[in-house]
Amino acid sequence: YAPMFRLLIQWLLSTVALLLVSKIVPGFYVYGVMPGMIAALVIGLLNATLGLLLKIITFPFAILTFGVFLLVINAMMILLASKLVSGFQVEGFAAAFWGAAVLTLLSFVIRGFMKEE
């Protein structure tokens, strides 16, 4: 795959993952495909910038909690994205935490499909 094509496919699969999470996790809402696409993009950008910085700073704490604290950081990025994107709503930290957990599991599946052979 060409790098841009892979990025586009990953973005679309992340959108599908967000839509699935909205069907599974109470308090996690995506009101349509376009808000889902924008939310997936914003979450990806937040995780690549602010989320990465927070994960580096809190790395020792992440080790002590066996990685659970990484879900806390992901949940915070999801909550922030829900404040920035209309049509994407997360009601509270619990919904964001469980949404982050389900998104993490789905991202493992997405990465499995995206591996080059």
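The protein chain exposes about 7,300 Å², and 77% of that is supplied by carbon and sulfur atoms. Keep in mind that this is a predicted model. As for burial, 38% of the 117 residues of the protein chain count as buried.

Which helices each supply at least two residues of the nonpolar patch? They are α2, residues 33-57, and α4, residues 68-84. The largest share comes from α2, with three residues. L80 sits in helix α4, and its relative accessible area is 31%, so L80 is partly exposed.

Now the overall fold. The protein chain has five helices and two strands. Read from the N terminus, the order is α-β-α-α-α-β-α. Along the principal axes, the C-alpha trace spans about 35 × 35 × 25 Å. On contacts: counting those between residues at least 6 apart in sequence, 63% join residues at least 24 apart.

Next, helix α5. This helix covers residues 93-114, which is 22 residues. From first C-alpha to last, α5 reaches 30 Å, close to the 32 Å expected at 1.5 Å a residue. What is buried in α5? The list is A95, A96, F97, G99, A100, A101, V102, L103, I110 and M114. Against which elements do these buried residues of α5 pack? There are helices among them, namely α1, residues 3-24, and α4. The strands β1, residues 28-30, and β2, residues 88-90, are packed against as well.

That brings us back to α4, which supplies at least two residues of the nonpolar patch and is also packed against by buried residues of α5. One more residue from this helix: S82 is found in α4. Is S82 buried or exposed? Its relative accessibility is 12%, and the cut-off for buried is under 20%, so S82 counts as buried. And what does S82 touch, leaving aside neighbours within four places in sequence? The contacts of S82 are F88, Q89 and V90. Strand β2 spans 88-90, so to finish on α4: S82 is buried at 12%, while L80 is partly exposed at 31%.

Conventions: Residues numbered from 1 in each chain as written. Predicted model: local features only at pLDDT ≥ 70, side-chain atom pairs only at ≥ 80, totals over all residues. Heavy atoms only, no water. Helix = DSSP H or I, 4+ residues; strand = E, 2+ residues; numbered from the N terminus. Buried < 20%, exposed > 50% of the residue type's maximum accessible area, 1.4 Å probe, protein only. Contact = heavy atoms within 4.5 Å. Areas by Shrake-Rupley, 256 points an atom, 1.4 Å probe, with all protein chains shown as cover. Expected span 1.5 Å × (residues − 1).
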